[in-house]
Amino acid sequence: MNGNIDRKWVLIGGLVLLAVLCVLPFTVKNFRVFQFNMVMIYAIAILGLNILTGFNGQISLGHGAFYAIGAYTAAILMDRAGIPYWGTLPFAALVCFVFGFLMGFPALRLGGHYLALATFALALAVPQMLKFKGIEQWTGGVQGIVLSKPEPPFEFSFMGQPLSADRWLYFYLLFISLIMFLIAWRLLRGRVGRALVAIRDHPIAASAMGINLPVFKSITFGISAAFTGVAGALSASAVAFVSPDSFTSFLSITFLVGVVVGGLASIPGAIAGAIFIQYVPNIADEISKSAPWAIYGLFLILLMYLMPTGAAGLISKIWHWLTRKSAAAPASASAGQVVSQPVGDRQS
């Protein structure tokens, strides 16, 4: 009975949240809508990295490279082949899956900080490779590729605000984000997710139980890269510009910061991590123009001190505390009724 009630309230809460999210872009200006779009894009990228690092225990400092590959794949297809923005997502996912799967082979012999350094080398190499003159006709070289933001297919106005390109992208990104998070939830909450966690915690025991470690590690790397590649393809449409200097190695570190802040092995935590990496640098810049990254570092240290298990861990602790408190209240009340019952009634 309680389970049915909980599911009912979760459904109601989800519908209310979805309604709020649909109204939200019409209450702010286009720049704020663009920031919301980047939060959803970063959330997908962080979710992809969390599949690899949080659930499978493989540390990567190179996911900025997959983000760049996905963005360039989409940009080239839109600019050269005339493929619509929504049609580039499967290609970006497939290309990044192949690159990630191939990157998974070195991961079979590397682990920990060795794997982190290997993937970091990838993050350093890809921006330089995008400037290579041999492929400049496709990538645009150092100048990059300039795109046009997708225009809404119809005219619409709500609360005095028109359906602009950014607002149309907001709904498009919201739809894609829901799909990507649903895929991750179905993937990680089943047998595959349990196998990934087993490989992370006890690889020898997982191998003894029949889990094929090389296959799972390589495929996990590919799936993680595919998620990040989809995020990169979405960023090409949202920003309408790609260039090698937009995908520095610092982007990979930023994604890892988002994973840790949101919470390792947490699917909803990717949203908290995306909010952090999108807004905290801007807040730090407003506080101090001379040393914004020092302020950013202080924010990061403070959050790690207050939330050592990330935002998802803190929310989980608060939720368990509230549920225990609500469960303890009826129990204590019923115990008080038994104690106050007259002796004669108990004997009868």
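Phe 221 is buried, with a relative accessible area of 0%, where buried means under 20%, exposed over 50% and partly exposed in between, for a 1.4 Å probe and protein chains only. This is a predicted model, in which local features need pLDDT of at least 70 and side-chain atom pairs count only at pLDDT 80 or more, while totals for chains, interfaces and linings use all residues. Residues are numbered from 1 along each chain as its sequence is written, and side-chain values use heavy atoms, with hydrogens and water left out.

**Aromatic pairs**
- There are 17 aromatic pairs, counted when ring centres of Phe, Tyr or Trp (its six-membered ring) lie within 6.5 Å, with planes under 30 degrees apart called stacked, over 60 edge-to-face and the rest tilted.
- Phe 66 and Phe 221 form an edge-to-face pair, because their ring centres are 6.5 Å apart and their planes stand at 75°.
- Since Phe 66 belongs to helix α3 (residues 63-80) and Phe 221 to helix α10 (residues 213-239), this pair ties together parts that are 155 residues apart in sequence; helices here are DSSP runs of H or I with at least four residues, and strands are E runs of at least two, numbered from the N terminus.
- Phe 66 is also buried, at 2% relative accessibility.
- A cluster linked by ring pairs takes in Phe 26, Phe 36, Phe 156, Phe 158, Tyr 170 and Phe 171.

**Phe 158**
- Phe 158 sits in strand β2 (residues 157-158) and is partly exposed, with a relative accessible area of 34%.

**Cysteines**
- The count of disulfides is zero, a disulfide being a pair of cysteine sulfur atoms within 2.5 Å.
- Cys 22 is partly exposed at 31% relative accessibility, whereas Cys 96 is buried at 0%.
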